Amino acid sequence: MLARIEALLRRRSAPAVQTKLNVGDLEMDLLTRQVRRATQSIDLQPREFRLLEYLMRHAGQVVTRTMLLEGVWDYHFDPQTNVIDVHISRLRQKIDKGFHPPLLHTVRGAGYCIRADN
Amino acid sequence: MRITKFLRTTAFRLALIYAGIFSLSVILLFAFIFWTTSVLVDRQRQQAIVADMNDLRDEFTSLGPSGLLDSVIDRSRPDRVGNGVYLLAKPDFTPMAGNLSAWPKAPARQGLWITFPIEARRFGDSQGERSIAEALEANLPGGYHVLVGQNTAPQRRMQSATIQALFWSLAAMVCLGLAGGLLLSRNMIRRIEAINRSAERIMHGEVMHRMPVGQSNDEFDRLSVNLNLMLEEIERLVGGIRAVTDNIAHDLRSPLTRLKSRLEIAMNAADDPIERRAAIEQAIQEADQLLATFGALLSIADAEAGARRADMTTVELSGVVQDVVELYRPLAEERGANLDLNIHGLTRAQGNRQLLFQAVANLIDNAVKYGEGGHNTLHQELYGEIFFPMQLVLFLNEPEKDYTGGEFVLTQQIPRAQSKAIVLKPRGGDMLLFTTNFRPVKGTRGFYRARMRHGVSEVHTGNRHTLGIIFHDALT
């Protein structure tokens, strides 16, 4: 029992010291606020950085537009137009253009997902 | 009406309790009067006896035994004696004069006073009456005995008369109390029953029925007035719900119809995967639109219920506007528009940050949307408890020069027929005033009201700028 608790505690405390986020060859350093894809450094606006950070923290999961608006802009509402899509496409221009494979995927009718595999 | 119904009313019970308390207080009052008068009468009688005895002693002293004898004979004459009891006796207690046949044997003693039973005969009565006499006795020089007293019967008669009076007045009071209680409860039942009957009629579907209100403005009338006000408030709220339901039905009917037709297209296009996929995508878009409409309706309902009032805080408006501009700038740039923001000074307000953001976002969203391909579906702005009968649109730029397409479209519902479309193309600087809900239309038998909807057709090129003014109830 004690061993189980200790194991659980170890597992919980591990992500707390996480300073780097990785998806495929995309790497984000949360301390220096630098983003790299493969060997190339990528220059991001503060809002784009937060958008990417939110997506990478939910890597492999589908993130809806409402979730993004709440997590990145701190406003809770349902955007009528494709206002979020434009931000995503700008981010996609910076992290996916000229690289292979694409990491930022659109999930039709749901939202977006960042993941490394095909 | 049955008597038991009265007996069960609160008014009757109150009247009964009141009569009970009143009777108790009357009994106490009578007891007090009874006691004090008894004491008073006792004392007066004893004083009279003492005075009489002193008179006889004086007679004896001044006139001797024969004088006393005359006096006693004189006082005990049947036409004079009244309630008096006299006896003069020899030393061996043989009566000499007086209205007693013998000296009382073993009388009850209390101090100087003796009491003994007598059979007194009132003047003119043939039969005697058994009674109790109270008397003083004295031994005079020469061995004579004298006894002076009074019959207590009159006093007892007075007492019993008093008790009888008490009994009868109590009986009368209880009867009057019961009658008053019945009367009061009958009146109360009549008023309450009227209200109950009205309530039952309303419960059985006569929702327009109201409680009867009298002229007197008493508590029952006030109760009726308040109940009527409550019913009106309920009716107004139900009416509001009905209006909102109507609007939801109207707003959802056309997207649902489109969704259905898209799905039908998808079903029929089973052979062509590309066409099918396109139809399904369009169906999903319609479903998204429906969800968005639902979201908006829910937040309007929330705002009207006052649920969001708790979220009111001090909000920096410039910060909110900056956030909106920052969110929408890429979209605007993509559509070839510029978003410039000029903020002068700090602007703080009490409000809900989220709703303010959404309001400004909707404004900019609309502004950005009316570029190429933008349109506004046919609708009515009828949300809220109060909506104004008209709306205003100011046209800020010139059609055919700054933009093409983007006509202002009105549809007029014609009963039992298809809707009629009215397309307007005001010039830049024009103002359009149109009705929100209905418009009077002249028919063969006078005017009837036609339901109106409005919208904007697709903008083909350029950017269309207008300022729409919707009057809205700001208090909810």
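This is a predicted model: local features need pLDDT of at least 70, side-chain atom pairs count only at pLDDT 80 or more; totals for chains, interfaces and linings use all residues.

Student: How many residues does the largest nonpolar core have, and which have the most contacts inside it?

Tutor: In soluble globular proteins, nonpolar side chains tend to be buried together. A nonpolar core is here a set of buried Ala, Val, Leu, Ile, Met, Phe, Trp, Tyr and Cys residues joined through C-beta atoms within 7 Å, where buried means 20 or more other C-beta atoms within 10 Å of the residue's own, exposed means 12 or fewer, and partly exposed lies in between, with C-beta atoms placed from the backbone. The largest such core has 29 residues, and those with the most contacts inside it are A:Leu51, A:Leu52, A:Leu55, A:Leu68, B:Val324 and B:Tyr328. At least two residues each come from β2 (26–29), α2 (46–57), α3 (65–72), α4 (83–95) and β7 (111–114) of chain A, and from α7 (317–334) and α8 (353–369) of chain B; these elements are DSSP runs numbered from the N terminus, helices being H or I of at least four residues and strands E of at least two. Another core, of 17 residues, lies apart from it and includes B:Ile49 and B:Tyr86.

Student: Which residues does B:Tyr328 touch?

Tutor: Contact means that the C-beta atoms of two residues, placed from the backbone, lie within 7 Å. Leaving out residues up to four places away in sequence, B:Tyr328 touches A:Val83, B:Leu339, B:Ile364 and B:Val368.

Student: How many residues does each chain bring to the contact between them?

Tutor: Chain A brings 13 residues and chain B 16 residues. On the side of chain A, α4(A) gives the most, with four residues. That side has five nonpolar, five polar and three charged residues, where Ala, Val, Leu, Ile, Met, Phe, Trp, Tyr, Cys and Pro count as nonpolar, Asp, Glu, Lys and Arg as charged, and the others, Gly among them, as polar.

Student: What is the order of the strands in the sheet that contains β7 of chain A?

Tutor: Two strands pair if DSSP finds at least two bridges between them. The order is β5-β7-β6, an open sheet of three strands with antiparallel pairing. Because β5 (63–64) and β6 (104–107) of chain A each have a single partner strand, they stand at the edges, and one side of each is left without a neighbour in the sheet. β5(A) and β7(A) are joined over two bridges, with A:Val63 opposite A:Tyr112.

A four-strand open sheet of chain A has the order β1-β2-β3-β4, again with antiparallel pairing. Its edge strands are β1 (20–23) and β4 (40–42). Strand β3 (residues 34–37) pairs with β4(A) over three bridges, and A:Arg36 stands opposite A:Ser41.

Student: At what angle do α2(A) and α4(A) cross?

Tutor: Two packed helices are described by the angle between their axes and the distance between the axes. Axes are lines fitted to C-alpha atoms, for helices over the stretch in contact, and angles run from 0 to 180 degrees between N-to-C directions. Here the axes come within 10 Å and cross at roughly 85°, which makes α2(A) roughly perpendicular to α4(A) (65 to 115 degrees). A:Glu48, A:Leu51 and A:Leu52 in α2(A) meet A:His87, A:Arg90, A:Leu91 and A:Ile95 in α4(A).

Student: Which peptide bond is cis, and where does B:Phe93 lie?

Tutor: Most residues other than glycine have a negative phi, and most peptide bonds are trans. The bond from A:His100 to A:Pro101 is cis, with omega near -5°, and A:Pro101 lies in the loop between α4 and β6 of chain A. B:Phe93 has a positive phi of about 65° although it is not a glycine; B:Phe93 lies in the loop between β1 (84–89) and β2 (95–98) of chain B and is exposed, with 12 other C-beta atoms within 10 Å.

Conventions. Residues are numbered from 1 along each chain as its sequence is written. Chains are lettered from A and ligands numbered from 1 in the order in which they are written. Angles under 35 degrees count as roughly parallel, over 145 as roughly antiparallel, 65 to 115 as roughly perpendicular and the rest as oblique.
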